[in-house]
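Me: I am new to reading protein models and would like a close look at one part of this one. Could you start there and then take me through what surrounds it?

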Amino acid sequence: NIFHSARENEISTRSLYFKLQQPFRKTKSGQNTISYLGSGECNKLPSFMKKLTNVNPFQHKLKDYYLE
C-alpha cells in the first residue's frame with residue numbers, strides 16, 4: 001500500500017492515511033524530480049479521488065479537477 005501516515009507519532013486519521021510520504025531531497029534539482037513533485041501533487045488531491053479504485057473514473061475526475 002503506497003498510502004500511509006505522513007507522520008509517525010500522530011493518531012491515525014483518514015486524512016493522514018491518504019497522504020504519500022514525500023521523499024527527502026536536499027538539493028533543488030532533487031526537489032524537481034517526479035517522485036518529489038508527484039507525491040506533493042497527489043497529496044493535494046481531494047480524498048474522494050484517492051479512494052477511486054478504477055483508472056478510467058480517476059482519469060476523468062483528474063481532468064475535471066485540473067481543468068476547472
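Predicted model: local features only at pLDDT ≥ 70, side-chain atom pairs only at ≥ 80, totals over all residues.

In which helix does Leu67 lie?

Reply: Leu67 lies in helix α4, which covers residues 55-67. Residues are numbered from 1 along each chain as its sequence is written, and side-chain values use heavy atoms, with hydrogens and water left out.

Helices (H or I, at least four residues) and strands (E, at least two) are DSSP runs, numbered from the N terminus. The protein has four helices and zero strands, and reading along the sequence gives the pattern α-α-α-α.

Now back to Leu67. Its relative accessible area is 66%, so Leu67 is exposed. The cut-offs are these: buried means under 20% relative accessible area, exposed means over 50%, and partly exposed is in between, using a 1.4 Å probe and protein chains only. Together with Tyr65 and Tyr66, Leu67 makes a nonpolar surface patch of about 350 Å². Patches are built from residues with over 30% relative accessible area and no salt bridge, joining like charges within 9 Å and nonpolar side chains (Val, Leu, Ile, Met, Phe, Trp, Tyr) within 5 Å. The accessible areas come from the Shrake-Rupley method with a 1.4 Å probe, and for residues, only the protein chains shown count as cover.

A search of the whole structure finds one aromatic pair. It is made by the rings of Tyr65 and Tyr66, whose centres are 5.2 Å apart and whose planes are at 85°, so the pair is edge-to-face. Rings of Phe, Tyr and Trp (its six-membered ring) pair if their centres lie within 6.5 Å; planes under 30 degrees apart count as stacked, over 60 as edge-to-face, and the rest as tilted.

Let us turn to helix α2, residues 34-44. Here Tyr36, Ser39, Gly40, Cys42 and Asn43 are buried. They cover an arc of only 160° around the axis, which puts them on the same side of α2; the arc is that of the directions from the helix axis to the C-beta atoms. Ile34 and Lys44, on the other side of α2, are exposed. The cover over the buried residues includes α3 (47-50).

Asn43 is worth a stop. At 18% relative accessibility, Asn43 counts as buried. Leaving aside residues up to four places away in sequence, Asn43 touches Phe18, Lys19, Leu20 and Lys50, where contact means heavy atoms within 4.5 Å. Phe18 sits in the loop between α1 (14-17) and α2, and at 14% relative accessibility Phe18 is buried too. The C-alpha atoms of Phe18 and Ser47 are separated by 7.0 Å, although these residues are 29 residues apart along the chain.

Leu37 is also found in helix α2, but Leu37 is partly exposed, with a relative accessible area of 43%. Its contacts, not counting residues up to four places away in sequence, are Gln31 and Asn32.

Side chains of opposite charge can pair when their charged atoms come close. The structure holds one salt bridge, meaning a side-chain nitrogen of Lys or Arg within 4 Å of a carboxyl oxygen of Asp or Glu. Glu41 forms it with Lys44, and the closest N and O atoms are 3.1 Å apart. Both residues lie in α2, three residues apart, about one turn of the helix. An α-helix has 3.6 residues a turn, so residues three or four places apart point the same way. Glu41 is partly exposed at 34%, whereas Lys44, at 55%, counts as exposed.

To finish, step back to the whole protein. Of its 68 residues, 21% count as buried. Its accessible surface comes to about 5600 Å², with 55% belonging to carbon and sulfur atoms.
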